Every structure is written in structure tokens, then in C-alpha cells.
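Let's walk through this structure together, one step at a time. Have a look at the sequence and the model, and then read on.

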Amino acid sequence: MATATVKHPALDAWITSNTGIDRVACIEAAICPFCKSPAFKFTDELSRREHAITGLCQDCQDAVFA
């Protein structure tokens with residue numbers, strides 16, 4: 001299980017209220033907030049760290065950052 005990076009509580013509240021996605025809950029459950037797929041296999045440490053920030057799985061990271 002991954003641990004979400006710490007954000008200011010107001011920022012996490014803003015993200016949740018504007019997207020309907022609880023970033024921390026998705027990261028802790030290893031579920032991608034975009035595609036709802038499991039998010040536990042990553043190609044490298046940088047991708048693993050990105051997951052702790054955004055919650056994105058490897059496929060969604062590849063699509064967003066390509």
C-alpha cells in the first residue's frame with residue numbers, strides 16, 4: 001500500500017470538492033483516480049513517487065506525461 005504525499009488540508013479538500021475524487025483514499029487503496037484500475041506496478045522509482053503525489057497508475061502517467 002502506498003502512502004500519499006502530504007498536502008495542505010485545504011488543497012486536498014479543494015481537489016475532492018472540485019473533482020469528486022479523494023486523492024488520498026485512491027492512493028491508499030492503490031486505485032487510479034482516472035481509470036479506476038489497480039495502481040501498484042510501476043516502471044521506475046520516479047513513477048512510484050508520482051503515484052504518491054497524484055494517484056495515477058503507470059498507464060495514465062504514460063498518457064498524461066507522454
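How many disulfides does the structure hold? This predicted model has 0 disulfides. Take Cys32, which is in no disulfide: its nearest cysteine sulfur belongs to Cys60 and lies 3.6 Å away.

Cys35 is partly exposed, with a relative accessible area of 36%.

Now step back to the fold. The protein has 4 helices and 0 strands, and along the sequence this reads as α-α-α-α. Its radius of gyration is 11 Å, close to the 11 Å that the globule rule gives for 66 residues, so the protein is as compact as a globular protein of that length. The C-alpha trace spans about 30 × 20 × 20 Å along its principal axes. Of the 66 residues, 32% count as buried.

Finally, let's turn to empty space. Rolling a probe the size of a water molecule over the atoms shows where such space is left. The largest pocket has a volume of about 170 Å³. Which helices each supply at least two residues of its lining? They are helix H1 (9–19) and helix H4 (58–65). Among the lining residues are Ile15, Thr19, Arg23, Phe34 and Val64. By class, the lining has 7 nonpolar, 2 polar and 1 charged residues.

Terms used:
Residues are numbered from 1 along each chain as its sequence is written. This is a predicted model: local features need pLDDT of at least 70, side-chain atom pairs count only at pLDDT 80 or more; totals for chains, interfaces and linings use all residues. Side-chain values use heavy atoms; hydrogens and water are left out. On a 1 Å grid over the protein atoms alone, a cavity is a set of points where a 1.4 Å probe fits but cannot get out, and a pocket is an open set with protein on both sides within 12 Å along at least five of seven lines; lining residues have an atom within 4 Å of a point. Grid points are joined across faces, edges and corners, and a volume is the space filled by probe spheres set on the points. Ala, Val, Leu, Ile, Met, Phe, Trp, Tyr, Cys and Pro count as nonpolar, Asp, Glu, Lys and Arg as charged, and the others, Gly among them, as polar. A disulfide is a pair of cysteine sulfur atoms within 2.5 Å. Buried means under 20% relative accessible area, exposed over 50%, partly exposed in between (1.4 Å probe, protein chains only). The radius of gyration is taken over C-alpha atoms; the globule rule is 2.2 Å times the number of residues to the power 0.38.
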